[in-house]
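Hi,

Have a look at it first and then read on.

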Amino acid sequence: MNFTFADERPADADAIIFAVTKNGLDGLELNLEQAKTVKAGAQAARFEGKLGEVFEIFVNQGDAVLRIVLTGLGEGKASDAESAGGSAIAKILASGSKHAVVEASGLDHEHLAKFLFGAKLRSWRHDKYRTTMPDKQKVTLEQITVLDQQLGDAKVWQDLSAVADGVALTRELVAEPANAIYPESFVARCEELKDLGVEFTVLGWDEMEELGMGALLGVSQGSERPPRLLAMRWDGTNGAQKTPLALVGKGVTFDTGGISLKPGAGMEEMKWDMGGAGAVAGTMKALAGRKAKAHVVGVCGLVENMPDGKAQRPGDVVTSMNGQTIEVINTDAEGRLVLCDAMHWTQETFKPDVLIDLATLTGAMIIALGNEHAGCFSNDDELAEDLIDAGKDAGDPLWRLPVGPAYDKLINSPIADMKNVGPRGAGSITAAQFLKRFVQDGVKWAHLDIAGMVWADKPGPVWDKGATGYGVRLLNQYVADQLED
């Protein structure tokens, strides 16, 4: 979607969007020949400006016929403006209109930028493989002109636009099928970040084998697709922040379950089992795109889990990079095997004080929290609270769950240092306990189980069906709150 900023309404605009606060219709300045007709129609339709309400009408303006869209701002909070922008764009994205104007009257720069942020987020679609789509479903909207010339260069909009670009990258990586996004192509798709100043380090099989990453490589050994470990580093502090924040993402680009094969029904959804790595990549793009004054490294452990004759078996014992041995009870509990080596390598290489991992780790997380919150596990109360607060502010909600010794003993193995699954109960917690064993002393750590959040079966305020881009707004907000002045 192309966003432009102007002081006057372009002659070729065929739609106009007005934002209306709750019960604010009477005082709304429409600047239209048929303003009374618009307001009367909205009142007749019982439009009150509530959040999520959208009213549409067509009017004459000179020789043109314009589509007029009123979208409710609710109480007028910044977060409401974001949702309102999404609602307006959802209404006209495939409506036949090509050029929409956003009337900026009554909105300050912060609220208008949030409104446009929501519009940009909601305008993302993934239709590249649909060749027989009915015309009524095709995106027609090509351009949005905002009647505020100054906002185009304002930092508040530039920053939010960069975050939306990061969300779009995450959505693309998650939405693409596994024959398009696999470990090598995931890395290739992220290489555009180099142009933004992000430094890359990429490890292949041989390098990881030399480092002793037996857990990660054990997952990958059944696939024809070679694994990759991708590290992306952004330092917007010019060296002032010596120690980076570390983000580590699970990147299982397709998960069959391995020898512990998943049921066939719904297995196609496992293309998004790299949602944690996708969120890390999108966050790095967002931070670099807005030139965040922060030092952050994003690491993605990228593998494909397949049931080849070379695949690891239930009962195999692998040795992780830090020397701990793992009895692989279930090859479908593979994400924690990938993460444990990626986390250890990250700590050894970058020496972070804070490490946050993101993973579509357990189906048990969806059973516990549904699709409303991601799970947060942490060894530090302050870190957990900061992440939860950032999630509330950004619109990526988290809910904290416990870790502790009582759960830790559930993953003890009789033949190795640990096993990769515990009993049926507390499955998400024992997965977090597994990862906690790879957190070095003194490192503040949080594990975000985002299994229920990376994919949506129905549209939301700022996303369509499919990939949501969850995690980017959360991590960007955390960085802004904790690392930047």
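Let me start with helix 13, residues 427-436, in what is a predicted model. This helix is mostly covered, with nine of its ten residues buried. The buried ones are Gly-427, Ser-428, Ile-429, Thr-430, Ala-431, Ala-432, Gln-433, Phe-434 and Leu-435.

Strand 4 is another covered element. Nine of the eleven residues in strand 4 (residues 64-74) are buried, so the rest of the structure largely encloses it. As a reminder, strands of a sheet pair through backbone hydrogen bonds, either parallel or antiparallel. Strand 4 has a partner of each kind. With strand 2 (residues 15-21) it runs parallel, joined by seven bridges, and here Val-20 stands opposite Gly-72. With strand 3 (residues 54-61) the pairing is antiparallel, over eight bridges, and Gln-61 stands opposite Ala-64. Strands 3 and 4 make a hairpin with two residues between the strands, and Gly-62 takes a positive phi there, near 65°.

There is also an open sheet of three strands, in the order 11-12-16, with mixed pairing. Its edge strands are strand 11 (317-319) and strand 16 (418-419), each of which pairs on one side only. Strand 12 (residues 325-327) pairs with strand 16 in the parallel sense, over two bridges. If you want to find that spot on screen, go to Glu-327: its bridge partner in strand 16 is Lys-419.

Ser-97 sits in the loop between helix 2 (78-92) and strand 5 (99-102). Is Ser-97 buried or exposed? Its relative accessible area is 2%, and the cut-off for buried is under 20%, so Ser-97 counts as buried. Leaving out residues up to four places away in sequence, Ser-97 touches Asp-14, Ala-15, Arg-67, Ile-92, Thr-140 and Leu-141.

Asp-80 is in helix 2. With a relative accessible area of 9%, Asp-80 also falls under the 20% cut-off and is therefore buried. Apart from neighbours within four places in sequence, Asp-80 is in contact with Leu-51, Leu-73 and Glu-75. Lys-114 is 34 residues away from Asp-80 in sequence, and the two are 8.5 Å apart in space, C-alpha to C-alpha.

On to the aromatics. How many aromatic pairs does the structure hold? There are five. In one of them, the ring centres of Phe-3 and Trp-157 are 5.4 Å apart and the planes are at 45°, so the pair is tilted. That pair links distant parts of the chain: Phe-3 is in strand 1 (residues 2-5) and Trp-157 is in helix 4 (residues 155-175), 154 residues apart. Both Phe-3 and Trp-157 are buried. Another pair is Trp-345 with Phe-350, where the centres are 5.8 Å apart and the planes are at 85°, so this one is edge-to-face. Trp-345 and Phe-350 are both buried too. Finally, Phe-3, Phe-5 and Trp-157 form one aromatic cluster.

Cheers

Definitions and conventions
Residues numbered from 1 in each chain as written. Predicted model: local features only at pLDDT ≥ 70, side-chain atom pairs only at ≥ 80, totals over all residues. Heavy atoms only, no water. Buried < 20%, exposed > 50% of the residue type's maximum accessible area, 1.4 Å probe, protein only. Helix = DSSP H or I, 4+ residues; strand = E, 2+ residues; numbered from the N terminus. Pairing = 2+ DSSP bridges. Contact = heavy atoms within 4.5 Å. Phe/Tyr/Trp six-rings, centres within 6.5 Å; stacked < 30°, edge-to-face > 60°.
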